[in-house]
Amino acid sequence: MLRKFTAILTIAMAACTLTVQAEDTKKEAPKQYVKATDLRIINKGFNDTERTYSRLPIWLKDSVRPDLWNRQQCSTGIGVRFATNSSTIGVRYDLFWNTHMIHMADTGLKGTDLYILEGDSVWRHVNTNRPYIKKGTDKTCEFTYVEHLSPNMKEFMVYLPLYDGITDLDIVVDSGATITAGNPEIIDKNKKVIAYGTSILQGGCASRTGMCATNIMSRDLNCEIVNLAFSGEGKMDYCMARAMAQIPDVDLYFLDPVPNCTEMMCDTLTYDFVKILVEARPEVPIVMLEGPMYPYSRYDPSFGNYLPRKNEALRRNFERVKKDHPNAKLYYITADKLDRAYNDGTVDGIHLTDLGFVEYAEEITPILREILYPNGQTVKY
């Protein structure tokens, strides 16, 4: 019996040794770490940001509330486009905070997603990194998404954290592999949407970064969508409208601020916020979205009455701007377009799950497509 046990133990130890040796061999495989800034950064509205992967220009810092400036540190919406023939694709990045929330998965909050282009127009999710902190570091994540790819050139995209920021980012490929910024016609840099809003539009609480509504819509529309949504801080600050008006080559503004605004704010701020955009960029269409009817508002009269009043205030001011600027390209989407997303698509009655984001995007994308790519049909709203 003792001999049998000793033999089994010896075999087990040998297996462990082989496993360790295999892992060591894997770790020693030569890699190259390519700065994302040497590839193509997409979905950024401003170049003069405090950090590469923050979202507002540094000159705006003294004009906004500290909480708003804090939220813009999140890298939500920003992505990296590249093409490579590498058999292995990975990522290494340093988090800004390494934060955590009780109602949102870390994979969406501070992870990253890899997508691959299949055919000419279909983006497929490949893998998501689980944001473990690398041993011996405070905030560094490193992850291999996929191995053993065929050696032909393929188009890829990595989406950055939704509710954390990053200070440095490398795409990791085989040593000696070719890596470029990719085909510029994929996620067309000549079509750009600016999306302004709240925590919902920022991506709370997607389970992974590619499932944020603006990222889904960007893939479907093949255009850049700049995510200027700030959790709790999408309050129609006039300085934000002025900053948005300065972004060059904008094809459409998409406004979804109602969830962060009171009824009074909807009534007193909407007109001038939209007017700033209309007067500064009269050629650019503006799409305004009402706030959703949260599930509990169906059963709580205080919310059931209050939420519609906010939307009524938004609508009144939309009509005022339209009357005063008859040539403005204004569009309005009512809250019923969000009913599917808010039926069974929330984490907490407010913020969306992946299901909710898909249903949100499926309702909004066709409207934006008709405006961005006119086909003679009238946009219904």
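Two residues are in contact here when heavy atoms of theirs lie within 4.5 Å. In this predicted model, Glu359 touches Arg340 and Ala341, leaving aside residues up to four places away in sequence. Its side chain comes to 3.5 Å from the backbone nitrogen of Ala341. Glu359 sits in helix α11, which spans residues 354-372.

Now to the sheet. The strands follow the order β12-β11-β13-β14-β15 in an open sheet of 5 strands with parallel pairing. β12 (223-229) and β15 (330-333) are at the edges and have a single partner strand each, so one side of each has no neighbour in the sheet. From one strand to the next, the twist averages 20°. β14 (residues 286-289) runs parallel to β15, joined to it by 4 bridges, and Val287 stands opposite Tyr331 in β15.

Helix α11 packs on this sheet, touching β11, β12, β13, β14 and β15, and its direction makes about 150° with that of β13. Helix α8 (residues 270-280) lies across β11, β13, β14 and β15, at about 160° to β14.

| Residue | Relative accessibility | State |
|---|---|---|
| Thr112 | 0% | buried |
| Glu359 | 14% | buried |

Both count as buried because the cut-off is under 20% relative accessible area.

Thr112 is found in the loop between α3 (106-109) and β5 (113-118). Its side chain makes a polar contact with the side chain of Tyr145 at 2.5 Å. Beyond four places in sequence, Thr112 touches several residues, including Val91, Tyr93, Asn127, Leu160 and Thr209.

How values were computed: Residues are numbered from 1 along each chain as its sequence is written. This is a predicted model: local features need pLDDT of at least 70, side-chain atom pairs count only at pLDDT 80 or more; totals for chains, interfaces and linings use all residues. Side-chain values use heavy atoms; hydrogens and water are left out. Helices (H or I, at least four residues) and strands (E, at least two) are DSSP runs, numbered from the N terminus. Buried means under 20% relative accessible area, exposed over 50%, partly exposed in between (1.4 Å probe, protein chains only). A polar contact is a pair of N or O atoms within 3.5 Å; within protein, one must be able to donate a hydrogen and the other to accept it, and residues adjacent in sequence count only if both atoms are side-chain atoms. Two strands pair if DSSP finds at least two bridges between them. Axes are lines fitted to C-alpha atoms, for helices over the stretch in contact, and angles run from 0 to 180 degrees between N-to-C directions.
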